[in-house]
Amino acid sequence: MDRRPDLQNYTFRSGRAYSPARMVNEIATPLGEPPSTESASVFSSVRQVDQPPLALPPGLTFDCRLQMEGLGFLGLLPSSAVPVAFLDPQYRGVLDHLAYGNEGVRRGAARASLPQMTDEIPLFIREIDRCLMPSGHLFLWTDKYHLCTGIGGWLKGTSLEIVDMVTWHKKRIGMGYRTRRASEYLIVLQKAPRKAKGVWKVHTIPDVWSETIGKRDRVHPKPVGLQSALIEAVSNPGDVVIDPAAGSFSVMEACKQKGRTFLGCDING
Ligand SMILES: C[S@@+](CC[C@H](N)C(=O)[O-])C[C@H]1O[C@@H](n2cnc3c(N)ncnc32)[C@H](O)[C@@H]1O
């Protein structure tokens, strides 16, 4: 039996009928036309904030894979210093709370053996809040469990606010007792003062982003294309982007692509 959706009856919101070429174009192409900036005064394609000069703390190196514990790394950074941070913790949420899969068995074994960060996440977020310059952004990767149960508690005592969220459509189907996972979630947080105009300068990024990761890696790498687009939106060339739990260092790759300076580490190097 053919279980594929009946795409012949699919109509786009524009009213146009389905065609395979249009489907690929409208769903698989991440970048669309930017909204008109003339009528919407909340948009700005110009960034009007600059990163203050950052003296590199002793023991750290730009654009390299540092092997360090992330909280120790953040503790070396000055306050109000950088425009962008990424945090992709090693979650136990799904494994612990949904008792999903046979943790420690077969494909779960490599991931379960990585250092888990769940209890430390609020500490990481508080330190990142301190390091971000005013109106700076934290891009926080989250799993389905924490997305549904809420991350609000992690923001207590910080000046960070949730301002947006992007769903990463991995274009690859995973596991799941009910629906099968094909997506992950990136929460966009901004340090006070919260504003988009003059700070967020790229207006072509859709909030559902399709990107395939070529190689599969035990650290669960995130899409370089999406992270590059976001970095470009909220920083200027040369600015410093931090990632205290960098895994495969996909954020460093994104920084290279966009001419930004990477500063980050992983406990496993
Ligand atoms: C989900 S992976 C990050 C993947 C990464 N975003 C990428 O695109 O490849 C989480 C990483 O956190 C690291 N980690 C766990 N605890 C840490 C800690 N206390 N300090 C620094 N890194 C830590 C793990 O070694 C793992 O590589």
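**The core and the sheet around it**

Reply: The largest nonpolar core holds 51 residues, and Val82, Ala85, Ile128, Cys131, Leu138 and Val251 have the most contacts inside it. Such a core is a set of buried Ala, Val, Leu, Ile, Met, Phe, Trp, Tyr and Cys residues joined through C-beta atoms within 7 Å. Buried stands for 20 or more other C-beta atoms within 10 Å of a residue's own, exposed for 12 or fewer, and partly exposed for what lies in between, with C-beta atoms placed from the backbone. The model is predicted, so local features need pLDDT of at least 70 and side-chain atom pairs count only at pLDDT 80 or more, while totals for chains, interfaces and linings use all residues. Residues are numbered from 1 along each chain as its sequence is written.

The protein chain has 8 helices and 8 strands; these are DSSP runs numbered from the N terminus, helices being H or I of at least four residues and strands E of at least two. Of its 269 residues, 29% count as buried.

The 8 strands form an open sheet with mixed pairing, in the order 1-8-7-2-3-5-4-6. Its edges are strand 1 (66-67) and strand 6 (208-210), each of which pairs on one side only. Two strands pair if DSSP finds at least two bridges between them.

Ala85 and Leu138 can be followed across several of these strands. Ala85 has Ile242 as its bridge partner in strand 7, where strand 2 and strand 7 pair in the parallel sense over 2 bridges. Ala85 also stands opposite Leu138 in strand 3; strand 2 and strand 3 run parallel and are joined by 5 bridges. Leu138 in turn has Leu189 as its bridge partner in strand 5, and there the pairing of strand 3 with strand 5 (residues 183-191) is antiparallel, over 6 bridges. Strand 3 is mostly covered, with 9 of its 11 residues buried.

Strand 7 (residues 240-243) also runs parallel to strand 8 (residues 261-266), to which 4 bridges join it. In strand 8, Thr261 is the bridge partner of Val240, and Phe262 that of Val241. In a regular strand the side chains alternate between the two faces of the sheet. Here Val240 and Ile242 point one way from strand 7, Val241 and Asp243 point the other way, and all are buried.

Helix 8 (residues 250-258) lies across strand 2 (82-87), strand 7 and strand 8, running at about 170 degrees to strand 8; axes are lines fitted to C-alpha atoms, for helices over the stretch in contact, and angles run from 0 to 180 degrees between N-to-C directions. Leaving aside neighbours within four places in sequence, Val251 is in contact with Phe86, Gln227, Val241, Asp243, Ala246, Phe262 and Gly264, a contact being two C-beta atoms, placed from the backbone, within 7 Å.

Helix 7 (residues 224-233) is mostly covered, 7 of its 10 residues being buried. Among them are Leu226, Gln227, Leu230 and Ile231. What covers the buried residues of helix 7 includes strand 2, strand 3 (132-142), strand 4 (160-169), strand 6, strand 7 and helix 8.
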